[in-house]
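Thanks, everyone, for making the time this morning.

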Amino acid sequence: MSDSSTPPNKPDAPRKPRPKGEPRFPDGPRPDPAGSHFERRIRSFQPRRSRVTQGQADALQRLWPKWGLDIDGQHPLDLKDLFGADIPVVLEIGFGMGEATAQMATEDPATGILAVDVHTPGQGNLLNLADRAGLSNLRVGNGDAIILLREMLTPDSLDGLRVYFPDPWPKKRHHKRRLIQPEFLTLAASRLKPGALLHCATDWEPYAEVMLEVLTAHPDFENTQPDGGYAPRPDFRPLTRFEGQGLDKGHVVNDLLFRRVRHTADSDQVRTPHTTRRTG
């Protein structure tokens with residue numbers, strides 16, 4: 001005999017289809033913020049389509065206007081204005097789901113972290129984590145970090161750069177897509193203050209070897225390790241759950257810590273912001 005006081009189960013209401021052309025998150029990150037304003041080139045990232053949870057969607061709608069930044073390449077970025085304070089700022093390229101980024105921001109509140117990715121669920125998750133922790137030193141960028149560096153950041157504006165577990169593009173024909181290459185390092189050096197740290201980490205040993213070779217050969221960076229090799233994982237880089245699982249399986253994670261040593265002269269590859277829009 002059923003309990004008449006218990007209402008019958010009702011099926012979930014079907015989701016209303018989104019009209020064509022209407023943004024997925026009206027107050028959130030734009031799908032392609034830079035559009036076609038800049039030249040086509042081989043990109044080091046591949047946007048991933050995956051499900052956005054309700055919590056992530058709510059965070060994107062609610063917090064993006066406060067802490068989010070679309071990388072459109074249209075205007076130079078004032079980091080003091082972005083963070084609301086004159087604090088050192090570190091750029092992190094690629095943050096996954098954001099757990100390590102949120103932890104670093106929590107443990108170092110005097111440093112601003114501008115974390116950039118194109119993965120929408122990760123953006124929402126990081127905003128959620130920042131909100132729960134009451135962080136004020138974290139901003140989330142959506143789009144291409146190359147456009148951010150080249151078009152929107154001024155010379156000597158960054159106090160550090162972090163590239164943790166970038167896509168290794170293991171197939172030889174895809175090696176040209178790897179982020180850590182001489183051209184990228186020249187651009188990054190122009191935006192880093194002298195003495196700023198470039199910190200890379202990877203669990204793909206062949207890529208680590210290439211990183212070490214390319215960084216060692218670049219005239220604007222010097223290895224912080226006296227022996228010229230890899231660095232121990234510094235305390236400020238948290239051990240993530242994913243990384244821990246890999247270590248349990250015998251994977252090797254290599255950290256590289258290099259210091260920016262001098263200014264780079266302007267060149268065709270390194271322009272001041274807002275000068276490389278397509279003209280045709």
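The accessible surface of the chain comes to about 15600 Å², and 51% of that area belongs to carbon and sulfur atoms. Please keep in mind that this is a predicted model. Of the 280 residues in the chain, 46% are buried, and the secondary structure comes to eight helices and eight strands. If we take the contacts between residues at least 6 apart in sequence, 83% of them join residues at least 24 apart.

Let me turn to strand 3, which covers residues 112-117 and which is mostly covered, with six of its six residues buried. In general, the side chains of a regular strand alternate between the two faces of the sheet. For strand 3, G112, L114 and V116 lie on one side and I113, A115 and D117 on the other, and since both sets are buried under the cut-off of under 20% relative accessible area, both faces count as covered.

Which strands pair with strand 3, and in what sense? On the one hand there is strand 2, residues 89-93, which runs parallel to strand 3 and is joined to it by five bridges; within that pairing, V90 has I113 as its bridge partner. On the other hand there is strand 4, residues 138-142, which also pairs with strand 3 in the parallel sense, over five bridges, and here D117 is partnered by N142.

Strand 2 leads through helix 3, residues 99-107, to strand 3, and the three make a right-handed β-α-β unit. Strand 3 then takes part in another right-handed β-α-β unit, this one made with helix 4, residues 120-133, and strand 4.

Finally, I would like to look at helix 5, residues 145-152, where eight of the eight residues are buried. What covers them? At its N-terminal end, helix 5 is capped by D144, whose side-chain oxygen lies 2.9 Å from the backbone nitrogen of I146.

How values were computed:
Residues are numbered from 1 along each chain as its sequence is written. This is a predicted model: local features need pLDDT of at least 70, side-chain atom pairs count only at pLDDT 80 or more; totals for chains, interfaces and linings use all residues. Side-chain values use heavy atoms; hydrogens and water are left out. Buried means under 20% relative accessible area, exposed over 50%, partly exposed in between (1.4 Å probe, protein chains only). Helices (H or I, at least four residues) and strands (E, at least two) are DSSP runs, numbered from the N terminus. Two strands pair if DSSP finds at least two bridges between them. A crossover is right-handed if, with the strands pointing away from the viewer, the path from the first strand over the helix to the second runs clockwise. A polar contact is a pair of N or O atoms within 3.5 Å; within protein, one must be able to donate a hydrogen and the other to accept it, and residues adjacent in sequence count only if both atoms are side-chain atoms. Contact means heavy atoms within 4.5 Å. Accessible areas come from the Shrake-Rupley method with a 1.4 Å probe; for residues, only the protein chains shown count as cover.
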